[in-house]
Amino acid sequence: MLNVENISFAYDKISVLKNISFTIEKGQHIALIGASGCGKSTLLKIIYGLLQTAEGTLFWNDKELLGPLYNLIPGHENMKYLSQGFELQPYHSVAENIGQYLSNFEPELKKDRVNELLDIVEMIPFANTKVENLSGGQKQRVALAKALAKRPEVLLLDEPFGNIDNFRRSALRRNLFRYLKRNAITSITATHDKTDILSFTDQTIVIKQGELLIKEDTTTLYQNPPNYYVASLFGEVNQIKRSSVQESDSKDMLLVYPHELKVDPTSPVKARVKNSYFNGSHYLIEAILNHSIIFFDHHTALHAPETVRIQVAKEALSRVS
C-alpha cells in the first residue's frame, strides 16, 4: 500500500535521513522508534507531504506521492498526520473542532460521527467546551478524534499519547487501535513509549542517526534485538559478559532484560545490591556484578550491601549484543 524508496532529506545541508526504504501493507500498524533527533518526525512529515525529499520516491497504491513543491495544499487527502502541535481552533468547541471538515449537508450523520469519535477518545462530557479551556492531554485527544473524522486510509501519529494521563492512556490506546483494526486503517506511530508498541503494532521500524537499522515483527524484535541500541529502545536492558553468569571462555556480551534475571539461592553467580526502586508490582533492583551495574526485577525490596545469587533466564543466554 505504501512504498518508500531511498528517501534522503537534509535541513540546511545537515543530513537527517539517509536512503530510507520500506513497504507497508494495508491495515498494518507500524511503530517508528529511535533515539531523539534520529529523524522519526521528519519521516512522518515527508510521508504526509509536508517536506520535500532531496532524493527518493514514495508510492501510494502504485501512485507516486509528490511533496509540497507539487501540491498547492501540503498533505495527502487520504492520510492524516497528528503532530505534537495539535492544530486546533482554540475558540471553537470540542465538537466543532472534530467536525470541522465534515459535511454540513447531512447534520444528523455529522452529529452521529462526532459523537462516535467523542466516545473513542472519552471526551463526550466536553463536547461543548471550548478548546482553550482544555488541558494539554485533552487537546491531544481532541486532535486525535479530528484526525480520524474523515476516515483516513493512513494515520501518521507523532508521540500521540505523550500528554495524556497514565490512567487514561491505556484505555485510549485500546480504543484507538481497536477502531483502526476494525476499519482497516493503516498507522505509523513515532514513539518513545514501549507500551505504545508491544501490544498494538505489527512491525517496528528502528531508525538510528537517520538510517533505517531494521524493520521486523514487533514481538520478534523485542525477543531477539540485534544489538544494545535496539534493545534499549524497549526499556532498561543489561549488557552482561557471558563468563560472568556461565562457565565459558567466550567474550560475548549478553543482552538481558531486568525480568530475565531472578534471585536463585542455588546459583553460583553473586551480585551486590546497591539500590531498590519501587515500581508498583515489583521492585527494580540495582546491583553490582563483577564491577558492572545491572538491573533486575524482584517482588520485594533488597537492601545494600546485601549479596544475592542470581540466575539468567535461558532465553537470554542466546541473545548476544
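Which strand gives the most to the lining of the second largest pocket? Here are my notes, with the answer in point 3.

1. A word on the model. This is a predicted model, where local features need pLDDT of at least 70, side-chain atom pairs count only at pLDDT 80 or more, and totals for chains, interfaces and linings use all residues. Residues are numbered from 1 along each chain as its sequence is written, and side-chain values use heavy atoms, leaving out hydrogens and water.

2. The overall picture. You will find eight helices and 17 strands in the chain (DSSP runs numbered from the N terminus, with helices being H or I of at least four residues and strands E of at least two). The C-alpha trace spans about 75 × 45 × 35 Å along its principal axes. Of the 321 residues, 47% are buried (under 20% relative accessible area, with exposed meaning over 50% and partly exposed in between, for a 1.4 Å probe and protein chains only). Among contacts with a separation of 6 or more, 62% are between residues 24 or more positions apart; a contact means heavy atoms within 4.5 Å.

3. The second largest pocket. Strand 5 (residues 63–65) is the answer to my opening question, giving three residues to this lining. The pocket holds about 220 Å³ of space. (A pocket is an open set of points on a 1 Å grid over the protein atoms alone, where a 1.4 Å probe fits, with protein on both sides within 12 Å along at least five of seven lines; lining residues have an atom within 4 Å of a point. A volume is the space filled by probe spheres set on the points, which are joined across faces, edges and corners.) Its lining includes Trp60, His76 and Met79. By class, the lining has four nonpolar, three polar and three charged residues (Ala, Val, Leu, Ile, Met, Phe, Trp, Tyr, Cys and Pro are nonpolar; Asp, Glu, Lys and Arg are charged; the others, Gly among them, are polar).

4. The largest pocket. Its volume is about 650 Å³. There are 22 lining residues, and those closest to the centre are Tyr48, Met79, Lys80, Tyr81 and Tyr101. Strand 6 (79–82) and helix 4 (136–148) are the elements that each give two or more residues to the lining, and strand 6 has the largest share, with four. Twelve of the lining residues are nonpolar, four polar and six charged.

5. Arg113 is buried at 5% relative accessible area, whereas Glu116 is partly exposed at 32%.

6. Salt bridges between elements. Arg168 pairs with Glu122, with the closest N and O atoms 3.3 Å apart. Arg168 is in helix 5 (residues 166–182) and Glu122 in the loop between helix 3 and helix 4, so this pair ties together parts 46 residues apart in sequence. Arg242 forms a salt bridge with Asp252, at 3.8 Å between the closest N and O atoms. Here Arg242 is buried, with a relative accessible area of 11%, while Asp252 is partly exposed at 29%.

7. A network to look at. Salt bridges also link Arg169, Arg173, Asp193 and Asp196 in a network.

Methods: A salt bridge is a side-chain nitrogen of Lys or Arg within 4 Å of a carboxyl oxygen of Asp or Glu.
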